[in-house]
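Here are my notes on the model you sent over.

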Amino acid sequence: MEIAGTPLTLLVNPSSAGGKSLKLLPQVEAALDARRAVFRVEKTRSLEHGAELALRAVELGEVPVVVSGDGLLGAVGGAMAGSDVPLGLIPAGRGNDLARALGIPTEPQAAVRVVLGGASRRIDVGEANGKRFLGIASVGFDSECNRLANETHWLRGKLVYAYSMPRTLIGWRRARFTLAVGEERKRISGYFVAVANNSVYGGGMYIAPDAEIDDGEFDVVSIGESGKLRFLLGLKDVLKGTHLRKEEVDVFRSPRLQIDASRPFPVYADGDHLTDLPVSLRVLPRSLSILVPREQGG
């Protein structure tokens with residue numbers, strides 16, 4: 001689909017990252033006006049409302065552009081899966097991990113240039129109990145950290161996760177996870193399981209550094225038993241993606257799997273609560289088109 005001259009619908013989440021999207025909106029509007037782009041602004045009331053607005057924009061022949069973080073992006077991208085209309089992104093969240101993985105700049109004017117002059121790239125969409133996500137679905141210690149991070153509004157970016165991890169670790173009890181891939185069963189006792197459609201989450205943590213967002217498979221990363229101090233000190237390796245060398249880390253790839261655990265856990269993805277265990281996950285290969293820098297297109 002040719003973007004030049006196509007009207008845009010900016011989907012703005014007013015509460016994203018403490019109102020960051022609203023603060024950036026005047027810069028975005030000015031950059032679009034300078035390029036004589038046709039656009040309108042819609043403020044979302046919820047993830048579901050944002051997805052509805054995006055589908056309505058598609059019906060009207062417009063290109064939806066998310067001005068928010070990974071949560072709204074995941075909801076809108078999941079709703080648009082299967083469409084030939086591309087999705088634009090102006091990063092305005094706390095983590096902006098999908099933008100990081102796709103090479104989309106966080107500076108508003110540069111992101112606008114990508115929306116208006118970038119390339120369309122087909123990427124995979126994940127599905128967990130029928131609910132879609134773009135990034136990384138996690139259960140266990142990780143999802144508990146995500147819950148705490150979402151309740152912490154006085155920190156941003158990596159700092160909020162640096163805060164939530166030791167807080168969660170204090171009261172952590174090991175859990176037993178069962179992963180089913182076809183007829184095969186894997187049982188893991190430890191901290192968490194991350195099902196990665198993308199390489200990075202948590203504001204720049206490369207939990208699955210080898211994951212590709214368009215290869216039709218998840219990278220499934222689990223952290224098994226180790227002492228709490230070793231686990232905490234090892235988190236710095238996740239920032240660089242070097243943790244995969246450790247004996248307590250296991251990685252495999254699969255386009256679908258099921259996960260259950262010895263006690264109830266929420267499933268978090270794209271920074272938000274998606275569903276709960278037990279969970280069935282699958283990849284929808286290259287089902288979403290997203291606007292990226294031309295060197296990232298394909």
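This is a predicted model: local features need pLDDT of at least 70, side-chain atom pairs count only at pLDDT 80 or more; totals for chains, interfaces and linings use all residues.

1. Trp172 sits in the loop between α7 (157–170) and β8 (175–181), while Tyr191 belongs to strand β9, so the pair links distant parts of the chain, 19 residues apart.

2. With Phe231 it makes another stacked pair, at 3.9 Å centre to centre and 0 degrees between the planes. Because Tyr191 lies in strand β9 and Phe231 in helix α8, this pair ties together parts that are 40 residues apart in sequence. Tyr191 and Phe231 are both buried.

3. How many aromatic pairs does the count come to? The count is eight.

4. The structure holds one cavity of 30 Å³ or more, and the largest cavity has about 170 Å³ of space. Its lining has 17 residues, and those closest to the centre are Ile223, Phe231, Gly234, Leu235 and Val238.

5. Which helix gives the most to that lining? Helix α8 does, with five residues. Both α6 (141–150) and α8 (228–240) supply at least two lining residues each. Sorted by class, the lining of the largest cavity comprises 11 nonpolar, two polar and four charged residues. Have a look at those charged ones in the viewer.

6. As a rule, nonpolar side chains in soluble globular proteins tend to be buried together. Here the largest nonpolar core has 45 residues, and Ile259 and Leu281 are the ones with the most contacts inside it. Strand β9 (residues 184–196) contributes the largest share of this core, seven residues. Apart from it there is another core of 43 residues, including Val28, Ala31, Leu32 and Ala92.

7. Not counting residues up to four places away in sequence, Leu281 touches Glu127, Ala128, Phe133, Ala137, Val195, Phe218, Pro255, Arg256, Leu257 and Ile259. That list includes Ile259, named with Leu281 as having the most contacts inside the largest core.

8. His49 is found in helix α2 (residues 47–59). Is His49 buried or exposed? The relative accessible area of His49 is 11%, which is under the 20% cut-off, so His49 counts as buried. Leaving aside neighbours within four places in sequence, His49 is in contact with Lys43 and Thr44.

9. Asp84 has a relative accessibility of 63%, and because the cut-off for exposed is over 50%, Asp84 counts as exposed. The C-alpha atoms of Asp84 and Gly182 are separated by 31 Å, and these two residues are 98 places apart along the chain.

Notes: Residues are numbered from 1 along each chain as its sequence is written. Side-chain values use heavy atoms; hydrogens and water are left out. Helices (H or I, at least four residues) and strands (E, at least two) are DSSP runs, numbered from the N terminus. Buried means under 20% relative accessible area, exposed over 50%, partly exposed in between (1.4 Å probe, protein chains only). Contact means heavy atoms within 4.5 Å. On a 1 Å grid over the protein atoms alone, a cavity is a set of points where a 1.4 Å probe fits but cannot get out, and a pocket is an open set with protein on both sides within 12 Å along at least five of seven lines; lining residues have an atom within 4 Å of a point. Grid points are joined across faces, edges and corners, and a volume is the space filled by probe spheres set on the points. Ala, Val, Leu, Ile, Met, Phe, Trp, Tyr, Cys and Pro count as nonpolar, Asp, Glu, Lys and Arg as charged, and the others, Gly among them, as polar. A nonpolar core is a set of buried Ala, Val, Leu, Ile, Met, Phe, Trp, Tyr and Cys residues joined through side-chain atoms within 4.5 Å. Rings of Phe, Tyr and Trp (its six-membered ring) pair if their centres lie within 6.5 Å; planes under 30 degrees apart count as stacked, over 60 as edge-to-face and the rest as tilted.
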